[in-house]
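This briefing goes through one protein model topic by topic, for a reader who has the sequence and the coordinates at hand.

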Amino acid sequence: MGGCFSKPKPVEVKVELSLLEKEKEVDGLSPNGKASPFADCRPNGALGHGSDDDSTPLPLYHKPRDYVEASVCHVKDLENGQMREVDLGSGRALLIKEHGEFSAMAHKCSHYGAPLVKGVLSKGHVRCPWHGACFNIATGDLEDFPGLDSLPTFQVRVEKDKVIIRANKQALQSQKRSKPMARCSAVINSSTGFSHVLIIGSAGLVCAETLRQEGFTDRIVMCTMDRHPPYDRPKLSKSLESTAEQLRLRSMDFLQDHDIELLTGKEAVAIDVKTRSVTFEDGLRMEYRKLFIATGSKPKPMVYKGKDVRNVFHLRTPEDANSVARLANNKNAVIVGTSYVGMEVAAALTDKAHSVSIIGIETVPFKKALGEKVGKAIMKLFEVNRVKFYMLNEVSEMIGHHGELKEVVLKSGKVLRADVCVIGAGSIPATGFLKQSGIHMDSRGFITVNKMMQTNAEGVFAGGDVVVFPFPPRNNKKVNIPVWQMAHVHGRVAALSMMGRAADIKTVPYFWSAMFGKTIRYAGYGDGFDDVIIQGDLDELRFVAFYTRSEEVVAVASMNYDPIVSRVAEVLGSGKTIKKRDVEMLARLGKTGDISWLIDKGSQ
């Protein structure tokens, strides 16, 4: 199943003759009306971890006034494979019909609130149209990332050809739910320098949560260089004025409630795999039984004069982003590099800065990732918004006055006025502290892991931007895919591996970038593509670009053509292929944006 870790459970339509007669049965029911899997067992089927006392049951609602019930449509109003957003009076829900059976759940994606009715329904789950998250239609469980929360589901019954939904009012309003988690049963002083699972890097949040969801009841400690609890990093370059509080993924209260200890301001400087210990810059030493490394990336070094000049930033923290937004107000901003981060920052500053200039080493932005034609179209969008490009160029010197940036000198000799500069010229893995550890890395500094995210060192796992891992669509060639969603996938796989439960990576990489109110969506792994087939209108920025390698589609990008990227992700994630000839034929027929051909498309 595309991008999912578990097989979807069959949808069950529960027909009730009387709600009041069934009220006494609620104790043993989960919100979707099915017998609760937690009624008689430990949380998430813990294997040897925890006890019955540690169970975290699903919320139970006993009072009829807490519920709303509404007839939402005639039984024949929906065909198989259709979805409809319906109003229950106290909120909206998503009604789904698949294989002749109805189910209902929250109508918004728990990640960024996308309307799921515009997404893709396939094989027991709905895929978000914006960023590709998947939700099981029977349980509401999150089955593929990005995002952390699952969705509430609602009881459905058919009575006299009317489809009736019964939903908890609070669930209708929240539109999301957290999976039940175990608590830590180990009696350990918080100052003790030992943790059963030690996580380095806030990108390991999914690893920690998965462990708790799967019933792990020993100590979990997560250490991060950041000053804040884990936050939504992709938003840093898109929403420069957002605070850490606004960007946070989980509150400290949430982490404490689930016994996930967080140590901020901790930079790892050495790992000793023989003694199973990690040393931090401040002298703290932590021993571990299992270790997960998710330290991410750091800016690629640049060679130029004037590195002591102030107001030159690498966008690493919310404080960096806030400072850039403040310093650029009615001033001159220079962006070095045409990475997604650099381009997003440039777009975000056009409404604030007096001028925005971009320096790049390629002929057009995104040429390697999206191809020259798409790159030119995006470049034109920036130029229309008064952004100036200085391509095939590099920085020679930063010139300051009283220590503050005033000019950026290019190697071509061009001098740009600059009050603030953001360097977005790429990154390298943050693995320097591993050089003497014995943990295997490739020539570029990426940690090599197997399909279970294990390194060569016993008990040591790694994931996210720092790893190269076996990628099934490329015959298990080890690749690095530095996107937010894949870091989440790695965290989950590593957690399951720690608990002895193998889980293959079947997800399709999914990426997005927002500029000037427009979003590029991208799914697949297009590295080394040899052709691009474009449907639609590049000038109008309403297009679909299929990236092919040999005779197969390996990736797709689009603007203003939802949900085609999620549809392609669904096909590729199911293990099927899309042939180049099929895409070319539709392009010749002028069927631009027609995605009906992708339904059940592909061959094994």
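The buried residues of α11 are I564, V565, S566, R567, V568, A569, E570, V571, L572 and G573, where buried means under 20% relative accessible area, exposed means over 50% and partly exposed lies in between (1.4 Å probe, protein chains only). The model is a predicted one, in which local features need a pLDDT of at least 70 and side-chain atom pairs count only at pLDDT 80 or more, while totals for chains, interfaces and linings use all residues. Residues are numbered from 1 along each chain as its sequence is written, and side-chain values use heavy atoms, with hydrogens and water left out.

**Confidence**

- The protein chain averages a pLDDT of 88, and 87% of the residues score at least 70; pLDDT is the predictor's confidence in each residue, from 0 to 100.
- Over residues 1–61 the pLDDT is below 50, and this stretch has 145 contacts in the model beyond near neighbours in sequence, a contact being heavy atoms within 4.5 Å.

- Helix α11 covers residues 564–573 and is mostly covered, with ten of its ten residues buried; helices (H or I, at least four residues) and strands (E, at least two) are DSSP runs, numbered from the N terminus.
- A cis peptide bond with omega of about 5° joins D562 and P563, and P563 is found in the loop between β35 (552–559) and α11.
- G575, whose phi is positive and near 90°, follows α11.

**The largest cavity**

- The structure holds four cavities of 30 Å³ or more, and the largest cavity has a volume of about 120 Å³.
- A cavity is a set of points on a 1 Å grid over the protein atoms alone where a 1.4 Å probe fits but cannot get out, and lining residues have an atom within 4 Å of a point; grid points are joined across faces, edges and corners, and a volume is the space filled by probe spheres set on the points.
- The residues that line the largest cavity include F145, D149, K179, E209 and R492, and helix α3 (residues 205–213) gives the most to this lining, with four residues.
- F145 is also joined to P146 by a cis peptide bond with omega of about 20°, and P146 is found in the loop between β8 (142–144) and β9 (153–159).

**Backbone angles and loops**

- Most residues other than glycine have a negative phi, and most peptide bonds are trans.
- N311 has a positive phi near 70° and is placed in the loop between β17 (297–299) and β18 (312–313); N311 counts as buried because its relative accessibility is 16%.
- S550, in the loop between β34 (542–549) and β35, has a positive phi of about 65° although it is not a glycine.
- G403 lies in the loop between β22 (395–401) and β23 (404–410), and G403 counts as partly exposed because its relative accessibility is 29%.
- Not counting residues up to four places away in sequence, G403 touches D308, V309 and R310, while G403 and G306, 97 residues apart in sequence, are 9.6 Å apart in space, C-alpha to C-alpha.

**Aromatic rings**

- The structure holds nine aromatic pairs; rings of Phe, Tyr and Trp (its six-membered ring) pair if their centres lie within 6.5 Å, and planes under 30 degrees apart count as stacked, over 60 as edge-to-face and the rest as tilted.
- F469 and F471 form an edge-to-face pair, at 6.1 Å centre to centre and 85° between the planes, and both F469 and F471 are buried.
- One aromatic cluster is formed by Y340, F366 and F511.

Definitions and conventions:
On a 1 Å grid over the protein atoms alone, a cavity is a set of points where a 1.4 Å probe fits but cannot get out, and a pocket is an open set with protein on both sides within 12 Å along at least five of seven lines; lining residues have an atom within 4 Å of a point.
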